[in-house]
Amino acid sequence: MLLTPADFYAPDAFARELPLFARGWVPACRVDEVLPGTQKRVQVATTDVLLTRHDDGALHAVSNVCRHRGLTLVEDTASGALIRCPYHLWTYASDGRLVAAPFMESTPNCDLPRYAVAEWGGFVFVNLDHTAPPLSEMLAPLAAQLKPEQLSRWRIGYRLTFDHAWNWKIMLENFAESYHHIGAHVQTLQQIWPGGESDATASNDKWIELHHSSHPDFGTFSVYVIYPTFLFALSEPATSAFWYRMTPLGPERIALDIIGLFPEEIAADAAAVEASKAQLMAVHLEDIPMCERTQSGLKSADAVLGPLSHLEAGVASFRDWVARNRA
């Protein structure tokens, strides 16, 4: 069944898509945001997850909701070897095992639910489905392009945070094609990487690959979308990368962090990082009205999802993936 305009705003359509996030490997944060003794709250689909790292380096992903009365355990970040609920001081080990419940002798089945977690390229990924294929196995075909050993050494240079009133698929589709460079980015990206010269034909039923022609001063630019929500762009020569950490919050709402990643020597150059941040912000400000107006337009009675060009091959493969795999 093909997607329709209603799939971009209807609550029942969003509910059918929630299992896509629960069954997929979702990027949660960078590895250096979860150091030993750190507890970090993240959201995967509608599940509140707490990332922890034991002193021995073992990484865990557990529920961030106390098994007693349902209190959120950590609001943002915390530290310590133990997870302690502030309400009644129920206490859990870093792997979610309940170790103390004051004045209670029997607490069966009260360990925190655990989720699959993996590190790749300096990213921490979470999967709510323990039967999912290993992350490393899934991403192995992209190792040559993304160079995870190199990315694992890169550092966060900046973070831009937004709360946008549009569907997650609109953000993903905008990210995954450069056809719109000729309109939305005519004064910015189109001058460097012309949309008409982009190529998304290597896209498949697991990810989107979008490659651009090489610019004599700025090199090449490649965009990757690994389903369900890993949006990543990389410049070559390897000087910067951009991670759009997108969290779908509802049929017409997303949380978005745009995170700039750099080799250590560039991350330490404040002027270079600030210049990159300003360029990215300029591009995103051009995207915002396009995404807002698409969200609005798709709700019109005569809206249709029209034919896609060869430059939008990745969008076509993505829509097919959603239609085949949603509930």
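How many disulfides does a search of the whole structure find?

1. The search finds 0 disulfides, a disulfide being a pair of cysteine sulfur atoms within 2.5 Å. C66 is buried at 5% relative accessibility. C291 is buried too, at 2%. Buried means under 20% relative accessible area, exposed over 50% and partly exposed in between, with a 1.4 Å probe and protein chains only.

2. A word on the basis. The model is predicted, so local features need pLDDT of at least 70 and side-chain atom pairs count only at pLDDT 80 or more, while totals for chains, interfaces and linings use all residues. Residues are numbered from 1 along each chain as its sequence is written, and side-chain values use heavy atoms, with hydrogens and water left out.

3. The structure has 15 aromatic pairs. Rings of Phe, Tyr and Trp (its six-membered ring) pair if their centres lie within 6.5 Å; planes under 30 degrees apart are stacked, over 60 edge-to-face, and the rest tilted. One of the pairs is W168 with F318, edge-to-face, at 5.6 Å centre to centre and 90° between the planes. This pair links distant parts of the chain: W168 sits in helix α5 (residues 168-175) and F318 in helix α9 (residues 313-325), 150 residues apart. Both W168 and F318 are buried. Helices (H or I, at least four residues) and strands (E, at least two) are DSSP runs, numbered from the N terminus.

4. W193 and F221 are stacked, at 4.8 Å centre to centre with 20° between the planes. W193 lies in the loop between α6 (189-192) and β12 (207-211), and F221 in strand β13 (residues 220-226), so this pair ties together parts 28 residues apart in sequence. W193 is buried, at 7% relative accessible area. F221 is buried as well, at 11% relative accessibility.

5. Ring pairs also join F21, W168, Y227, F318 and W321 into a cluster. P228 is in the loop between β13 and β14 (230-236). Another cis bond runs from E236 to P237, with omega near 5°. P237 is in the loop between β14 and β15 (241-250).

6. Helix α5 deserves a look for its packing. Its axis comes within 10 Å of that of α9, and the two cross at roughly 150°. That makes α5 roughly antiparallel to α9. Against helix α8 (residues 270-297), α5 packs at about 135°, with the axes 10 Å apart. The α5 and α8 helices are therefore oblique to each other. Axes are lines fitted to C-alpha atoms, for helices over the stretch in contact, and angles run from 0 to 180 degrees between N-to-C directions. Under 35 degrees is roughly parallel, over 145 roughly antiparallel, 65 to 115 roughly perpendicular and the rest oblique.

7. Two charges sit over rings. The charged end of R30 is over the ring of F123, 4.5 Å from its centre. The charged end of K169 is over the ring of F8, 4.7 Å from its centre. The criterion is NZ of Lys or CZ of Arg within 6 Å of the ring centre and within 35 degrees of the ring normal.

8. Check the backbone at A45. Phi there is positive, about 55°, although A45 is not a glycine. A45 lies in the loop between β2 (38-44) and β3 (47-53), and is buried at 9% relative accessibility.
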